[in-house]
Amino acid sequence: MSVSSVLRSAADLYEKKRLDYAPDPNDPYENFRFAAGFAARVGSGLPDWDQRRATLTLIGVKLSRMNTLGLCRDASNEAISDTIEDLMVYLAILKEQCVRKTQEDPS
């Protein structure tokens with residue numbers, strides 16, 4: 001497989017997935033802005049190195065996708081039920097991180 005074909009394939013996948021996350025061609029990074037804003041609000045006060053910030057960003061990306069698609073619109077890529085399951089996993093990870101942090105620093 002050539003580099004050009006790999007890049008074309010990646011570009012095709014990007015276009016397909018982008019429709020589910022940021023459908024406005026004039027604002028292709030809407031989902032990143034949403035996720036960053038969500039993580040900044042919810043993670044306000046967390047130190048920069050806190051891994052929960054990354055988890056909050058991943059949750060924000062999935063919430064952005066749900067915000068774009070809703071529950072009834074057909075997705076271009078994975079089904080909305082997959083996004084719900086992803087959210088469940090990320091929320092479970094966040095809970096574990098919060099419990100662990102409380103155990104490490106109960107103050």
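Which residues of H4 are buried?

Reply: The model is a predicted one, and the account below should be read accordingly. The buried residues of H4 are Ile80, Thr83, Leu87, Leu94 and Gln97. Helix H3 is included in what covers these buried residues of H4.

The helix itself comprises 25 residues. From its first C-alpha to its last, H4 reaches 36 Å, which is close to the 36 Å expected at 1.5 Å a residue. An α-helix has 3.6 residues a turn, so residues three or four places apart point the same way.

Gln103 also belongs to H4, the helix of residues 80-104. Gln103 counts as exposed because its relative accessibility is 62%, and exposed means over 50%. Between the C-alpha atoms of Gln103 and Leu63 there is a separation of 28 Å, the two residues being 40 apart along the chain.

The covering helix, H3, spans residues 52-69 and also packs with H1, which spans residues 3-21. The axes of H1 and H3 are 7 Å apart and meet at an angle of about 75 degrees. An angle from 65 to 115 degrees counts as roughly perpendicular, and H1 is therefore roughly perpendicular to H3. On the side of H1, the contact is made by Leu19, Asp20 and Tyr21. On the side of H3, Val61, Lys62, Ser64, Arg65, Thr68 and Leu69 take part. Sorted by class, this contact of H1 with H3 has 4 nonpolar, 2 polar and 3 charged residues.

Helix H1 also holds Arg18. Arg18 counts as buried because its relative accessibility is 12%, and buried means under 20%. When residues up to four places away in sequence are not counted, Arg18 touches Pro23, Asp24, Pro25 and Pro28.

Aromatic rings remain to be considered. A pair of aromatic rings is described by the distance of the centres and the angle of the planes. A search of the whole structure finds 1 aromatic pair. Tyr29 and Phe32 form this pair, with 6.0 Å centre to centre and 50 degrees between the planes, and the arrangement is tilted. Phe32 is exposed, since its relative accessible area is 52% and exposed means over 50%.

To return to the part requested, H4 has Ile80, Thr83, Leu87, Leu94 and Gln97 as its buried residues, with H3 included in their cover, whereas Gln103 counts as exposed.

Note on methods. Residues numbered from 1 in each chain as written. Predicted model: local features only at pLDDT ≥ 70, side-chain atom pairs only at ≥ 80, totals over all residues. Heavy atoms only, no water. Axes fitted to C-alpha atoms, helices over the stretch in contact; angles between N-to-C directions. Helix = DSSP H or I, 4+ residues; strand = E, 2+ residues; numbered from the N terminus. Parallel < 35°, antiparallel > 145°, perpendicular 65-115°, else oblique. Contact = heavy atoms within 4.5 Å. Nonpolar A, V, L, I, M, F, W, Y, C, P; charged D, E, K, R; others polar. Buried < 20%, exposed > 50% of the residue type's maximum accessible area, 1.4 Å probe, protein only. Expected span 1.5 Å × (residues − 1). Phe/Tyr/Trp six-rings, centres within 6.5 Å; stacked < 30°, edge-to-face > 60°.
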